[in-house]
Amino acid sequence: MTRDLDDDIPGPDDEPTAAEKARARSFGDLVDRAVAGRAPAAMSPDDRALIEVATVIRGAAGKVELEASRASNLIEAALAAAVDKDRPRTTTLPPIGGGNVTPITAAPKRRWLPWSIAGATSAIAAAAIAMLIAGVGRHAPARAPVARAPLPEMLRSRPADDLVGVIARDRSGDAATRIDAIYADRLDGYRELALRGGTR
Amino acid sequence: MRPIFERYAPPLYGTVILPRTGDAATAEEILRDTMATAVEKIGRFAWQGKTIYPWLRQIAINKVYDLHRHAKRSRRLADAMAQELPAESAPEDNPDALLIAQQEQRSNRARIDETLAVMPERYRVAIELRLVDELSREECARRLDVTVGTFDVLLFRAVRAFRKRYGAREDEP
């Protein structure tokens with residue numbers, strides 16, 4: 001993808017093509033969002049390469065700062081990660097060859113036990129299904145639908161339509177890029193949630 | 001270590017990590033990993049009556065280097081950083097974290113200025129107005145006496161040209 005970026009670059013006064021104008025406008029929008037601290041997680045590899053260059057320049061000029069709340073969240077996450085790493089694991093496996101494991105050949109008399117339990121539970125399940133099919137519960141009073149509280153916005157996936165937009169016919173075969181964009185957006189959403197402590 | 005991190009996280013992010021990655025999300029992850037590693041390896045830090053900042057900075061640089069090397073995102077940058085590592089591995093002589101951060105800021109800026117200096121004048125001005133001074137597109141266009149659409153094209157080409165020249169500069173021995 002970034003091969004295009006390495007092509008010859010027209011001079012400052014050369015007339016742009018319509019395609020270049022469109023890409024330049026799109027890049028201008030991305031720079032707007034990056035300057036406002038709202039750079040999208042999902043973008044094409046070409047856009048990402050250029051935005052990284054823009055960010056390097058802005059960073060060198062001291063224009064990119066870490067917000068205090070963001071820094072605080074990262075510090076918490078780092079400390080939590082370090083604590084988790086130091087915590088001894090409580091799960092222990094029994095020693096191989098030790099404990100009260102009985103070789104299957106040493107207990108032939110109890111081989112019927114699991115089969116009888118499986119048979120009994122299967123019979124109960126079959127009876128329950130048969131009763132349902134026969135309509136035993138048909139006359140039971142209908143339950144009122146339970147209203148569920150909607151999931152908070154922060155826990156829901158963002159609609160992919162906004163990310164992908166209208167798929168032009170000439171880019172219909174480029175599904176990998178669209179999947180990458182959606183995946184990057186989902187990953188960004190997860191990161192946001194993790195930094196807020198929402199996934200712990 | 002929380003007070004130490006609160007003091008040093010911003011300069012680590014702004015002057016050490018972000019200028020070497022260019023991606024805010026990646027830079028945040030590296031900062032977090034840097035701090036986690038610092039907690040884990042604090043026993044190895046030899047206190048010599050000087051700030052801990054150079055030690056944190058070295059961890060951060062190693063993390064960025066690892067990222068570039070593993071992701072193979074930029075062989076040129078990884079190679080350039082590999083050359084940078086030995087010189088940066090003994091920064092204990094530096095007196096103060098703030099001074100180090102300021103020095104690094106100046107160094108980063110000088111690298112950018114060197115590249116801008118060899119670019120066509122209009123590209124250089126477009127980048128300075130929009131990315132260094134952070135003026136709006138409309139204001140940038142007004143100052144250059146062009147339409148916003150033309151300024152967008154100018155900036156787009158300017159950033160592409162910068163990318164090409166900056167990479168070429170890193171290739172030089």
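B:Glu134 is partly exposed, because 14 other C-beta atoms lie within 10 Å; on this scale a residue is buried with 20 or more such atoms within 10 Å of its own, exposed with 12 or fewer, and partly exposed in between, the C-beta atoms being placed from the backbone. B:Glu134 sits in the loop between helix H6 (121-132) and H7 of chain B. Its phi is positive, about 55°, although B:Glu134 is not a glycine. Most residues other than glycine have a negative phi.

A word on conventions. This is a predicted model, in which local features need pLDDT of at least 70 and side-chain atom pairs count only at pLDDT 80 or more, while totals for chains, interfaces and linings use all residues. Residues are numbered from 1 along each chain as its sequence is written, with chains lettered from A and ligands numbered from 1 in the order in which they are written. Helices are DSSP runs (H or I, at least four residues), numbered from the N terminus.

B:Asp145 also has a positive phi, near 60°, in a residue other than glycine. The loop that holds B:Asp145 runs between H7 and helix H8 (148-171) of chain B. B:Asp145 is exposed, since 8 other C-beta atoms lie within 10 Å.

Next, confidence. Chain B averages a pLDDT of 81, and 80% of the residues score at least 70; pLDDT is the predictor's confidence in each residue, from 0 to 100. Within chain B, the mean is highest in helix H7 (residues 137-144), at 95, and lowest in helix H4 (residues 75-88), at 50. Over residues 85-94 of chain B the pLDDT is below 50. The model as a whole scores ipTM 0.72 and pTM 0.59.

How do H1(B) and H2(B) pack? Helix H1 (residues 2-21) and helix H2 (residues 24-40) of chain B meet at an angle of about 135°, with their axes 9 Å apart. H1(B) and H2(B) are therefore oblique to each other, as angles under 35 degrees count as roughly parallel, over 145 as roughly antiparallel, 65 to 115 as roughly perpendicular and the rest as oblique. Residues making the contact include B:Phe5 and B:Leu12 of H1(B) and B:Ile30 and B:Met35 of H2(B).

Finally, the interface. In this model 47 residues of chain A are in contact with 47 residues of chain B, contact meaning C-beta atoms, placed from the backbone, within 7 Å. On the side of chain A that touches chain B, H2(A) gives the largest share, 11 residues.

How values were computed:
Contact = placed C-beta atoms within 7 Å. Helix = DSSP H or I, 4+ residues; strand = E, 2+ residues; numbered from the N terminus. Axes fitted to C-alpha atoms, helices over the stretch in contact; angles between N-to-C directions.
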